[in-house]
Structures are given as C-alpha cells and as structure tokens.
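Here is a short briefing on pockets and aromatic contacts. Look over the sequence and the model first.

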Amino acid sequence: MSQIYRVFLSSTGKDLAGYRQKVFEALQRKPDVKVVRMEDFVAEHGKPKDICAREVRDSDILVGLIGFCYGASPPGLKRSFTHLEYDEAMAKGHSCLIHIAPEDVPFPAYTREPDALFQRITRFRAKLLKTHTVGHRSSWENADALATHVSEAVERALDRMRAAAEPGFTKRKHELGLKGRHADILALLAEEGAERDLLLAQKAEVERKLGDLEQSFAQAKTRITDLEALLAREGNQIGGDRLAEARAALEQGDFSKADDLFAEIEAREAMAVQSAARAAYGRGEIAEEQVRWADAAEHYG
C-alpha cells in the first residue's frame, strides 16, 4: 500500500472561501493525499487551538492561501488560526507552500476587516514575504487557476518526499533538484528588478543539465566524491560527528550541510588572513621607521 501524505489546507474563509474549495477539490483528487481542514474536524474535547496545532503537526505539508483578511483568533489570543497554523508548521520543519495573493487581486470590498485586523494581516504578509514570494497575477486569476497552481506545487513537493525515501543519490533526486532550481529561477525572473541576464544564463544552464540528464548526473556524482574528499582533508577542523553528518547528507545529494561547513572554514581562514595582514603591516611600519625600505615594501606587500 502506498504512503498517504497529509496536506493541511490553511486559509481564511471570508475572502478565500471559493479559492479554498477549489484547491481542496483539486488536492482531494490525488490518490495518495488526504486533505485536512478545520471545517472537517470531528467534535472532541479540547481547545480548538490545541486540536488545530496537533493536526498541523501530524501533517506532512502545509498549504497556506494568504489574502487580505487576518481571520478569527482563538479566545484570549491575538494571532489568528491561520497565523498559528503557519508558525506551528514552521516550528516542525514541515514543507510550507505559501501562496500569497498579489495586491491587485480584486477581492470584494465587503471582505475588508476592521482596521486592527487589517494591520495584523499587513504585518503577517510582510513576515511571510521575507521567506516566500507573492503569487503571480495569473495564478490568482480565478479559483480554478489557483487550484491548478497549488496542485502542481504540491505534486512537486510530494515528488521530493518520495525521492527522499529512496536510498542514496539517485538520478530522480538529481532531476528533482534541477527542476526545483528551474522553478526558483522562473519565480525570480517574474519579479521586478530581477538581474535578467544572469538569471537567463542560469536558466539555460539548468535546462542544459536537464536535457542531458545522464551526463549531468554523472558529473554530480563525481562532484560529490570530490567534496567528500575535500571534507575529509578538513576533518581535524570540523569534528567527527559534523563531518559524518555532512558526508551522509552528500551521499543523499544534499549539499547544504557541506556548504555550511565550508562557509565556517572560509570565515575562520579569512580571520587568520586578516590577522596575518595586520601583523605584516606592523612589521612594515617598523622596517620603515628603521629605514629598511626593501623590508618595508615586502611586508606592506
């Protein structure tokens, strides 16, 4: 029996009820997905806030639809259910697929909340935009368009989860990584002020790698072997446990931990270089004072 993935659908209802329903229907059609919504919770003892938090924790993915309403809050709290659901999912390290409506989506005027709540949703949107991007206007054209867009995003996330369950670094993981990078570049190209020449060059390179998957996969495996050897040479500076963790991640095609370790080494060595440069400058000052100009020039250099 295939694994069933739980997708928690989070949004306000006043402004997004139609969008929410269409997204729900699209996700429900996926054979290995169970969609979880607050309105489907069965009656049980306990605070709604706690029940909601538990359901988010037990899910694999959070899909957040963010418009311009903040929504209801649990008794005694200022954060809305939607805000709390997002914070809970982030705290658990879940995949959060946040779809933020652009400013020019024409929601009906009657959905506008009182000023206090409008200020909260404005702050919440600003918080989300630090790590997520606003949706493209076309994906919010209507409820069906958003449902298609969200369904595709969820499918990509599920592909990554399925691939992660495979042992070792596989061609599937490599391909999904490239497709994820391609999607990121397309999103950046849609933003105003994007460095288009650089992004277009990166897009072409990713597409080249996808076009010859066999070769790019072989190159990626060679690079992983080289990186493992490089980490081994730096083992004394890193420490056994962290080195083992980074190498294990590399064997799965995850470069992030190795990148973190190399960044630490780079920062440490930069400090050493700066310290050596200050000492050399000091020796240059001494040599100049003693009228040893050749020595001074060498130290200054």
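α5, α6, α7 (196-211) and α8 (213-233) each contribute at least two residues to the lining of the second largest pocket. This is a predicted model. The second largest pocket holds about 730 Å³ of space. The largest pocket has a volume of about 1100 Å³.

**Second largest pocket**

- The lining of the second largest pocket counts 21 residues, and the closest to its centre are His-174, Gly-177, Leu-178, Gly-253 and Phe-255.
- α6 gives the most to this lining, with seven residues.
- By type, the lining of the second largest pocket splits into eight nonpolar, six polar and seven charged residues.

**Largest pocket**

- With a volume of about 1100 Å³, the largest pocket is lined by 30 residues.
- Thr-133, His-149, Arg-156, Ala-183 and Ala-187 are the closest of these to its centre.
- β4 (95-100), α5 (143-164) and α6 (171-189) are the elements that give two or more residues to the lining of the largest pocket.
- α6 gives the most here, with eight residues.
- The lining of the largest pocket divides into 12 nonpolar, 10 polar and eight charged residues.

**Aromatic pairs**

- The whole structure has five aromatic pairs.
- One of them joins Tyr-19 and Trp-140; the pair is tilted, at 5.3 Å centre to centre and 45° between the planes.
- Tyr-19 belongs to helix α1 (residues 17-28) and Trp-140 to the loop between α4 (115-128) and α5, so this pair ties together parts that are 121 residues apart in sequence.
- Are these two residues buried or exposed? Tyr-19 is buried, with a relative accessible area of 14%, and Trp-140 is buried, with 1%; the cut-off for buried is under 20%.
- Tyr-281 and Tyr-300 also pair: their ring centres lie 5.5 Å apart with the planes at 45°, so the pair is tilted.
- Tyr-281 sits in helix α11 (residues 256-289) and Tyr-300 in helix α12 (residues 293-300), 19 residues apart.
- Tyr-281 counts as partly exposed at 48% relative accessibility, and Tyr-300 counts as partly exposed at 33%.
- Tyr-70, Tyr-86 and Phe-124 make up one aromatic cluster.

**Charges over rings**

- Which ring lies under the charged end of Arg-37? The ring is that of Phe-24, with the charged end 3.5 Å from its centre.
- Arg-112 lies over the face of Phe-118, at 3.7 Å from the ring centre.

Terms used:
Residues numbered from 1 in each chain as written. Predicted model: local features only at pLDDT ≥ 70, side-chain atom pairs only at ≥ 80, totals over all residues. Heavy atoms only, no water. 1 Å grid on protein atoms, 1.4 Å probe; cavity = no way out; pocket = protein on both sides within 12 Å on 5 of 7 lines; lining within 4 Å. Points joined across faces, edges and corners; volume = space filled by probe spheres on them. Helix = DSSP H or I, 4+ residues; strand = E, 2+ residues; numbered from the N terminus. Nonpolar A, V, L, I, M, F, W, Y, C, P; charged D, E, K, R; others polar. Phe/Tyr/Trp six-rings, centres within 6.5 Å; stacked < 30°, edge-to-face > 60°. Buried < 20%, exposed > 50% of the residue type's maximum accessible area, 1.4 Å probe, protein only. Lys NZ or Arg CZ within 6 Å of the ring centre and 35° of its normal.
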